[in-house]
Amino acid sequence: MSRSNLIRLSLFRLLAIVIMLALIAGSFYVYRAKAHEDIALENPEPTPEATPEPTPYSRSPIPPDAAPPASNSDLDPITEDEPSGPVFLAADGTALSYTWGESVPASTQADDAWFADAAFIGNSLCDGLMLFGTISEAKFYCAQSINVQNIYTEKCINAGGGEYISITDALEKEQYNKIFIMLGINEVFRDPDWFYEQYAALIDHLRETEPDAEIYIHSILPVTEKKSNSGSYNRANVISFNEQIIKLCEDKNVFYIDVFSHFADAEGYLPAEASSDGVHLNRAYYQVWSDYLKSHTITEVKE
């Protein structure tokens with residue numbers, strides 16, 4: 001065989017080998033792809049879940065029987081401090097600390113205008129305050145021998161035209177914001193419990209007929225030592241009945257005007273020079289009484 005023919009044969013064999021290798025490689029890649037496809041079908045990848053859209057914040061409803069939240073939690077309501085009891089003011093607007101049954105505390109001196117809406121009711125001592133005191137703006141309904149019982153019936157107030165009516169009937173003809181009461185000296189020989197009950201009934205009556213009025217009850221004034229030694233109008237009875245008045249003020253939420261302590265000496269008697277009969281004051285002492293009232297003003301702030 002010639003040399004040229006040998007070269008052609010060698011090239012032919014080489015080409016056949018290359019073609020055979022190409023066929024083998026193609027088959028391998030086809031087989032590999034098929035194998036991966038089969039594996040994917042047998043073990044599919046999990047489909048990722050869609051991320052939910054965010055929702056607005058809302059608090060879950062609280063069951064009615066749930067325990068209250070801890071202090072300072074975000075559920076605590078925001079509140080402001082509020083007064084826990086009655087609020088009291090003096091005539092000049094100064095806040096006062098007061099408890100029912102206690103003596104009205106001292107305050108800045110008020111003028112007569114503070115008493116323009118006030119009525120004073122009571123016995124002859126109240127009558128003396130009207131005649132000789134310095135409270136000119138108030139109205140006075142008072143007379144001798146008036147007590148907690150006959151104040152409804154004793155016709156002692158001139159209603160005009162020759163007609164006289166009782167203190168309570170006269171009082172009902174007008175409305176007042178303040179009512180000052182002076183009673184007790186004409187009752188000190190009676191039973192203390194009776195006195196309390198009758199006085200309490202009078203306060204109830206006044207609250208019905210004068211619903212806007214604040215009520216101020218005077219203590220019974222002291223008597224002189226000479227008067228005290230002469231009978232029922234004595235220091236022990238006055239002190240005992242004043243204790244009933246204090247209890248009444250505490251029970252009924254009315255103001256207590258402690259003129260007894262203001263006028264009594266160290267032994268609990270009215271000074272001899274303050275009275276000519278041992279009970280009723282001299283002119284100068286009615287003015288002392290007036291000044292005491294002007295420097296012991298109080299009202300309750302109503303809501």
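## Tyr 199 and its contacts

Beyond its neighbours within four places in sequence, Tyr 199 is in contact with Val 148, Ile 181, Leu 183, Ile 217, Ile 245 and Leu 248; contact here means heavy atoms within 4.5 Å. The model is a predicted one, where local features need pLDDT of at least 70 and side-chain atom pairs count only at pLDDT 80 or more, while totals for chains, interfaces and linings use all residues. Residues are numbered from 1 along each chain as its sequence is written, and side-chain values use heavy atoms, with hydrogens and water left out.

## Val 148, in a loop

Let's turn to one of those partners. Val 148 sits in the loop between strand S4 (139-142) and strand S5 (157-160); strands are DSSP runs of E with at least two residues, and helices are runs of H or I with at least four, both numbered from the N terminus. With a relative accessible area of 0%, Val 148 is buried, a term for under 20% relative accessible area with a 1.4 Å probe, protein chains only.

Leaving out residues up to four places away in sequence, Val 148 touches Leu 183, Glu 187, Trp 194, Phe 195, Gln 198 and Tyr 199. Gln 198 is 50 residues from Val 148 in sequence, yet their C-alpha atoms are 5.9 Å apart.

## The largest nonpolar core

A nonpolar core is a set of buried Ala, Val, Leu, Ile, Met, Phe, Trp, Tyr and Cys residues joined through side-chain atoms within 4.5 Å. The largest one has 75 residues, and Phe 120, Tyr 199, Ile 217 and Trp 289 touch the most other members. Helix H4 (residues 192-209) gives this core its largest share, eight residues.

Conventions:
Buried < 20%, exposed > 50% of the residue type's maximum accessible area, 1.4 Å probe, protein only.
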